[in-house]
Amino acid sequence: MIKAKVDKAIKNNRMKDLLLGKADYKCELSEFIPVNMPTDWPNIIRYIYIKYENNKNCKKLYEAALFEILKGDYYELYCGTMIVFLQIMNEHENNSPFTIQTDRCIELIKEGVDKKREELCASKEWTGYLFPDGLYGDIKRIDMILQEDYGISILNN
């Protein structure tokens with residue numbers, strides 16, 4: 001099911017919708033996965049990697065959609081931040097067949113979080129309910145993990 005949605009998104013140039021889990025491109029998480037996220041990013045990304053082996057254009061579509069998402073509203077910024085987090089982990093663990101422009105993504109995350117911090121703090125969607133400062137709290141958690149594991153920070157001090 002996810003593979004078909006990835007194929008469809010690539011064919012129809014709808015990578016942004018796929019990464020955001022919009023409409024027909026939403027990929028439900030298994031009920032056995034104890035994670036609360038809008039769509040199944042780990043498996044979507046895995047299938048993008050598989051498609052990349054025969055279609056090098058996948059990286060271009062993925063990266064362009066990611067840049068656009070990171071410039072979006074607070075919800076899109078949150079989604080993009082989580083995708084960048086997964087991508088960084090995959091690159092460092094040699095699980096990605098390509099690298100993205102991480103520095104550009106981090107720049108967009110920093111700019112977006114600075115501009116949308118109030119909205120992120122107010123949002124209790126997805127993992128936001130777990131933190132007193134909403135989705136911003138989850139982004140701070142991700143920043144801490146990235147700093148500890150890879151020496152990368154996605155937030156301005």
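**Briefing: exposed loops and an aromatic cluster**

Asn13 counts as exposed, at 56% relative accessibility (exposed is over 50%, buried under 20%, partly exposed in between, with a 1.4 Å probe and protein chains only). This is a predicted model, in which local features need pLDDT of at least 70, side-chain atom pairs count only at pLDDT 80 or more, and totals for chains, interfaces and linings use all residues. Residues are numbered from 1 along each chain as its sequence is written, and side-chain values use heavy atoms, with hydrogens and water left out.

**Loop residues with positive phi**

- Asn13 lies in the loop between α1 (2-11) and α2. Helices here are DSSP runs (H or I, at least four residues), as strands are (E, at least two), numbered from the N terminus.
- The phi of Asn13 is near 55 degrees, a positive value in a residue other than glycine.
- Ala23 sits in the loop between α2 and α3. Its phi is also positive, about 45 degrees, although Ala23 is not a glycine.
- Ala23 counts as exposed, at 70% relative accessibility.

**Aromatic pairs**

- The model holds 3 aromatic pairs. Rings of Phe, Tyr and Trp (its six-membered ring) pair if their centres lie within 6.5 Å; planes under 30 degrees apart are stacked, over 60 edge-to-face, and the rest tilted.
- Tyr49 and Phe98 form an edge-to-face pair, because their ring centres are 5.4 Å apart and their planes stand at 85 degrees.
- Tyr49 belongs to helix α3 (residues 41-52) and Phe98 to the loop between α5 (74-92) and α6 (102-122), so this pair ties together parts 49 residues apart in sequence.
- Tyr49 is buried, at 7% relative accessible area. Phe98 is buried too, at 5% relative accessibility.
- Ring pairs join Tyr49, Tyr52, Tyr62 and Phe98 in a cluster.

**Charges over rings**

- Lys56 lies over the face of Tyr52, 4.4 Å from the ring centre. The rule asks for NZ of Lys or CZ of Arg within 6 Å of the ring centre and within 35 degrees of the ring normal.
- Arg46 places its charged end over the ring of Tyr47, 4.7 Å from the centre.

- Asp17 is in helix α2 (residues 15-20). Asp17 is buried, with a relative accessible area of 13%.
- Leaving aside residues up to four places away in sequence, Asp17 touches Lys22 and Tyr25 (contact means heavy atoms within 4.5 Å).
- Ala64 is in helix α4 (residues 57-70). Ala64 counts as partly exposed, at 45% relative accessibility.
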